[in-house]
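Please walk me through this structure in plain paragraphs. I have not looked at it before.

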Number of protein chains: 2
Amino acid sequence: MKFTQKDQDAVNAIRALSVDMITNAHSGHPGFPLDAAPMMYLLYKNHLKVNPKDPYWINRDRFILSPGHGSSMLYATLHLAGYDISMHDLRDFRKLGSKTPGHPELGIPGVDAATGPLGQGFGMSVGMAMAEKHLSSLYNKEHCPIINNKVYTIVSDGDLMEGISHESASLAGHLKLNNLVVLFDSNNVTLDSSASKELSDNAGERFEAYGWNYLRVDDGNNLDELENALQVADDEENRPTFIEVKTVLGYGSPHANQHTVHGNPLTTDEVKETKEKLGWSHGPFEIPDNIYSTFSTIVKDGSREESNWKSVVAEYKNNYPVLSKRLFDNFENKAKVNDSDLNIEITDNEATRATMHKLLQATKKSSLEFWGGSADLSSSNKTYFENDDGFSDETPSNLNIFYGVREFAQAAAVNGITLYGGTKTFGSTFFVFSDYMRGAMRLAALQKIPSMFIFSHDSVALGQDGPTHQPIEQLDSLRAMPDMLVFRPADALEMVASWKFALNQNDRPVTFALSRQSLPTLRKYSDNIFKGVEKGGYILSCSQKDISDGIILATGSEVSLALDVQEILLKKNIDVSVVSIPSFELFNEQSNEYKESVLPSEVVNRMSIEMGSTQSWGQYTGLNGINIGINHFGASGDADLIMKDLGFDKNKIAQKYVEHFE
Amino acid sequence: MKFTQKDQDAVNAIRALSVDMITNAHSGHPGFPLDAAPMMYLLYKNHLKVNPKDPYWINRDRFILSPGHGSSMLYATLHLAGYDISMHDLRDFRKLGSKTPGHPELGIPGVDAATGPLGQGFGMSVGMAMAEKHLSSLYNKEHCPIINNKVYTIVSDGDLMEGISHESASLAGHLKLNNLVVLFDSNNVTLDSSASKELSDNAGERFEAYGWNYLRVDDGNNLDELENALQVADDEENRPTFIEVKTVLGYGSPHANQHTVHGNPLTTDEVKETKEKLGWSHGPFEIPDNIYSTFSTIVKDGSREESNWKSVVAEYKNNYPVLSKRLFDNFENKAKVNDSDLNIEITDNEATRATMHKLLQATKKSSLEFWGGSADLSSSNKTYFENDDGFSDETPSNLNIFYGVREFAQAAAVNGITLYGGTKTFGSTFFVFSDYMRGAMRLAALQKIPSMFIFSHDSVALGQDGPTHQPIEQLDSLRAMPDMLVFRPADALEMVASWKFALNQNDRPVTFALSRQSLPTLRKYSDNIFKGVEKGGYILSCSQKDISDGIILATGSEVSLALDVQEILLKKNIDVSVVSIPSFELFNEQSNEYKESVLPSEVVNRMSIEMGSTQSWGQYTGLNGINIGINHFGASGDADLIMKDLGFDKNKIAQKYVEHFE
């Protein structure tokens with residue numbers, strides 16, 4: 001391919017718009033757009049199979065800008081490429097309520113993932129590539145490649161310093177994701193300093209050690225060199241490709257190659273000087289028509305690609321109506337799991353992780369395209385599908401994902417798979433290690449996507465592994481996270497009910513905290529449970545009086561303990577109700593009337609029981625209440641002894657109730 | 001060195017004790033001790049400069065078992081080596097209250113770091129090696145090498161899959177930490193499966209890409225080969241060393257090389273069979289005297305080493321009395337920062353991050369050996385020392401640590417440096433990215449060590465960077481963590497007072513959440529502040545009545561807003577007090593009398609104001625109260641507009657108070 005001045009002008013248009021946006025907003029990061037604009041131009045012009053007029057086309061190539069602080073460059077490119085982002089939107093960059101916020105957010109046309117916290121864009125791109133592999137193997141037919149796209153990602157020095165880049169790159173190399181192309185903007189400068197002050201890695205050798213195809217572009221401004229590398233990447237059949245593109249941070253600006261240009265807007269004079277150096281003679285936010293016309297092939301090519309695909313789809317629908325319906329139902333969130341699908345046998349005593357195991361097998365049989373994995377703890381979490389040897393390059397249609405001891409990459413991949421669409425998926429590990437995944441769990445919540453996170457070993461009752469493995473603050477910590485739905489089911493029945501509810505969530509992630517130990521099945525309360533769980537909190541066992549003497553609130557494994565305490569208190573003529581609150585978030589969303597019916601204002605003798613930190617309980621128990629919990633780290637030993645030692649004993653708790661309230 | 005049957009017997013003694021402990025406890029991980037015992041033996045017998053009779057000798061070599069699930073092997077070795085761990089303790093393995101819990105905990109003689117959450121042991125070892133470099137460069141004199149030790153670490157496949165292994169290895173390679181030796185127990189098996197199902201990395205090439213010296217031992221049972229590699233590592237002058245030791249998981253057991261032997265105790269019959277294969281003919285927990293005698297050189301050599309060192313110290317004290325006092329004062333936590341050291345100039349309006357910046361410069365001038373860094377945000381966090389070019393292999397006595405975009409490695413290194421002793425240190429980044437560091441912050445709290453974590457940009461008031469960068473749930477999340485002291489200072493004065501308090505903490509970590517934006521200095525309340533901060537919460541501005549009409553509680557940047565609201569309400573004849581609670585943990589530790597004096601029970605009209613999730617406030621505001629906070633994600637835009645949009649406006653809040661309570 002021969003590139004001309006026309007192409008160079010197009011590249012400079014991206015640069016000029018980006019710095020105009022930043023200088024206009026008095027806020028942003030000009031260094032990166034100035035250096036990486038050539039990559040953006042070539043990707044959109046020649047490689048990305050996208051239709052700007054239909055940004056959610058399911059068979060589009062995905063693009064992720066992992067260093068989200070380069071958002072101005074992304075928005076400028078999307079505008080020029082014909083997405084629904086106007087010049088007005090660009091002028092509103094970083095303004096409240098605009099379509100062009102400081103970091104890319106989901107919902108903006110052309111943005112396939114929210115990025116900002118470094119490393120996670122890369123992690124999500126690995127998940128997207130996994131999803132493409134899985135779905136294409138499940139659905140593609142000869143002559144009908146209904147799913148066949150690639151995932152392109154740009155990463156920065158910062159992304160590659162993050163630990164998640166290791167986990168995700170190692171996973172992608174292991175899975176031989178040849179549909180993944182990563183461009184590394186290698187400019188040797190970070191926000192604080194020259195990268196050489198912080199970093200001596202040989203990125204190429206590192207990615208080769210992971211089994212990637214490594215390519216290098218010595219001059220990131222040389223369009224021919226860049227184009228050649230991208231073509232080699234597109235042709236690679238066996239491995240993911242990592243292209244190191246040597247660039248100059250803040251190219252063209254008076255601060256080129258200095259860390260000061262990383263995060264500080266250019267002054268108006270500096271913008272002028274930069275544009276002169278680049279040979280850009282147009283005013284702020286001014287783009288001549290001939291430049292729009294250079295970009296116009298993107299819409300043309302994309303529309304043609306989508307229209308060709310639609311012909312394939314028509315043929316596919318004809319030949320494979322059942323498969324076709326299943327695929328599109330799943331992409332449109334219409335694939336339902338019926339109650340009858342979830343008919344599982346429940347014993348009188350079982351761990352909620354064991355119930356979950358049965359539910360996973362049952363869910364798999366529904367019309368939901370469902371898969372997931374664990375960070376090397378599937379045998380403990382029990383979150384595996386039976387008789388399934390695992391998703392791999394050789395068996396991409398399998399359902400068990402062996403994430404390895406890579407919690408953070410797992411959570412980011414779950415987000416990537418979920419963003420890709422067409423399947424429902426989960427990740428899992430011990431509850432305490434949710435700490436390792438928090439960054440990605442937050443990004444699931446922030447994007448309002450239905451990622452699922454399943455954690456077992458949800459309390460000190462895991463026993464001998466001791467305090468490093470015993471969650472204390474994890475429940476409260478996740479409850480504090482906006483838009484994250486957390487369930488801690490009390491028994492097998494609450495587990496089933498909350499699973500049913502969770503499967504229907506399409507606009508928020510769900511977290512499950514499950515017991516390692518067996519819990520009694522509360523069959524007697526089955527009706528209350530199936531009516532109550534979907535409200536987050538409910539009266540499990542009412543008092544015999546109209547107005548109870550008090551309320552005991554509990555979650556998870558402590559609910560049956562609360563019932564025992566209720567019984568003891570009743571013998572002392574203290575008649576309390578027991579309220580189970582499997583999900584605080586859900587309960588808090590209910591009407592005031594409903595909440596008042598569960599927790600009547602006049603009943604102020606309130607006690608909570610939960611084996612974890614107590615701070616979130618004050619909202620329900622008030623100043624008069626008492627919280628039975630654990631506000632220190634656990635201990636290694638026999639689970640029953642630990643619980644007794646920490647006071648989780650029905651008699652002791654009943655006594656505390658009496659001492660406090662009577 | 002010629003190894004004989006005697007050495008082989010010693011290795012088998014570690015194996016035999018380990019499996020006895022696990023089988024006796026019905027809990028533990030036998031696979032790893034069976035394969036890694038030869039490394040443990042050689043390390044303690046020939047390489048580690050330690051004196052089991054003085055396990056806290058400051059110039060000892062440090063040893064970290066990063067895969068903490070191999071604790072039985074560590075305890076067995078420590079017992080045999082002469083540490084204060086008895087056979088009785090070994091029999092009590094994993095029992096409540098024992099000296100031999102499921103994962104190694106700090107406080108057990110010979111345990112240099114608590115491990116269990118994979119990857120962090122490695123991360124802490126990098127911090128320890130950094131501390132040694134820093135202190136030796138500050139204190140060593142010719143002929144008086146008062147600080148000269150190494151750090152040895154064993155890591156597993158799991159540790160190396162974790163993202164933190166990348167961050168830490170990359171940092172260690174960059175810093176050329178030649179005092180660090182890492183042995184990789186390369187057994188190709190994980191808990192879930194054969195590692196080849198999860199992993200295809202070439203570990204050697206990976207570590208070479210980081211600039212490490214890579215060595216390989218083909219047969220982990222061959223003592224000669226192992227010893228040779230360890231000697232090469234000891235002689236390496238320019239780089240950290242990574243020794244890949246090929247081993248067989250569960251060596252000698254009927255399940256050798258299978259993932260089932262990873263985490264399941266052997267049956268009594270299997271133990272018998274294993275011991276037969278190993279040629280071990282002694283009963284459970286039976287160690288013949290000749291084996292103890294093989295290990296006895298460890299105490300002999302160690303005592304001699306320490307006694308030689310003491311001669312050096314004597315000479316050093318003589319020649320350099322001031323330096324010597326400073327060094328030992330710092331190791332014994334006696335180095336004090338006097339109030340006069342912290343005399344800084346405070347302006348009428350400043351961001352708490354700006355005050356912190358001044359405090360860091362002041363603290364550095366005290367007798368405290370003080371240093372720290374940032375994860376590539378020092379210019380934003382303002383957590384750098386002026387006129388200091390940064391800690392590096394060429395300038396190890398410098399104080400600024402450029403951690404790079406490696407938040408998790410930073411936090412683990414802070415823990416490692418703190419565990420090493422002799423200095424006080426901190427890590428920093430934006431508050432929202434505390435999520436990336438949580439695992440290590442938890443391990444600081446669990447170990448009760450005074451690591452310091454300084455976060456700036458503590459609320460949505462950071463503005464344009466938007467929701468991915470705006471903390472919402474981070475405060476509540478960290479408050480839920482046991483033994484973590486969190487401060488969110490209201491102004492420059494509270495910042496100074498809380499810094500003074502924090503510097504005196506020796507048995508818990510401290511976290512600071514600091515504002516990006518300027519805050520008015522509350523000079524008028526100076527006395528209250530300096531008396532109140534050390535109690536965590538206090539009446540900043542009292543009402544004019546004996547019993548106030550209500551209480552407004554706030555932290556950080558919202559405290560001055562609370563004062564404004566108080567003023568507005570007073571004009572409406574509503575006379576409330578304003579309570580500042582810079583640290584919930586500290587306030588909750590106070591006597592009931594004190595707490596009652598700040599928050600009298602009879603005053604039930606209580607409102608909290610804090611720009612974050614509200615769930616932890618219920619404990620203070622009760623069922624009658626109202627919480628002004630943010631329970632959703634933020635937005636990108638001008639900070640003042642965001643705050644107004646979210647209702648953080650004195651008039652609106654005063655109105656809410658009136659509507660709710662009047």
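In what sense do strand 9 of chain A and strand 10 of chain A pair, and over how many bridges? Strand 9 and strand 10 (residues 452-456) of chain A run in the parallel sense and pair over five bridges. Two strands are said to pair when DSSP finds at least two bridges between them. Helices (H or I, at least four residues) and strands (E, at least two) are DSSP runs, numbered from the N terminus.

Before going further, some conventions. This is a predicted model, in which local features need pLDDT of at least 70 and side-chain atom pairs count only at pLDDT 80 or more, while totals for chains, interfaces and linings use all residues. Residues are numbered from 1 along each chain as its sequence is written, chains are lettered from A and ligands numbered from 1 in the order in which they are written, and side-chain values use heavy atoms, with hydrogens and water left out.

From strand 9 of chain A the chain passes through helix 18 (residues 434-447) to strand 10, a β-α-β crossover that is right-handed; that is, with the strands pointing away from the viewer, the path from the first strand over the helix to the second runs clockwise. Strand 9 of chain A also pairs with strand 7 (residues 370-374) of chain A, again in the parallel sense, over three bridges. There A:Gly372 is opposite A:Phe426. Strand 9 (residues 424-430) of chain A is largely enclosed by the rest of the structure, because seven of its seven residues are buried. Buried means under 20% relative accessible area, exposed over 50%, and partly exposed in between (1.4 Å probe, protein chains only).

Next comes the interface between the chains. In chain A, 101 residues are in contact (heavy atoms within 4.5 Å) with 100 residues of chain B. The size of an interface is often given as the accessible area lost when the parts come together. Here the buried area (accessible area, 1.4 Å probe, lost by two parts on being put together, summed over both) is about 8,000 Å², and carbon and sulfur atoms give 55% of it. On the chain A side, A:Leu96, A:Arg442 and A:Gln615 lose the most area to chain B, together 10% of what that side buries.

Eight salt bridges are counted between chain A and chain B, each a side-chain nitrogen of Lys or Arg within 4 Å of a carboxyl oxygen of Asp or Glu. One of them joins B:Asp435 to A:Arg438, with the closest N and O atoms 3.4 Å apart. Helix 18 of chain A gives the largest share of the side of chain A that touches chain B, eight residues.

A:Thr355 sits in helix 15 (residues 352-364) of chain A and counts as buried because its relative accessibility is 0%. Its side chain makes a polar contact of 2.6 Å with that of A:Glu350. A polar contact is a pair of N or O atoms within 3.5 Å; within protein, one must be able to donate a hydrogen and the other to accept it, and residues adjacent in sequence count only if both atoms are side-chain atoms.

A:Asn573 lies in the loop between helix 22 (558-571) and strand 16 (576-580) of chain A. A:Asn573 is exposed, with a relative accessible area of 68%, and its phi is near 65°, a positive value in a residue other than glycine.
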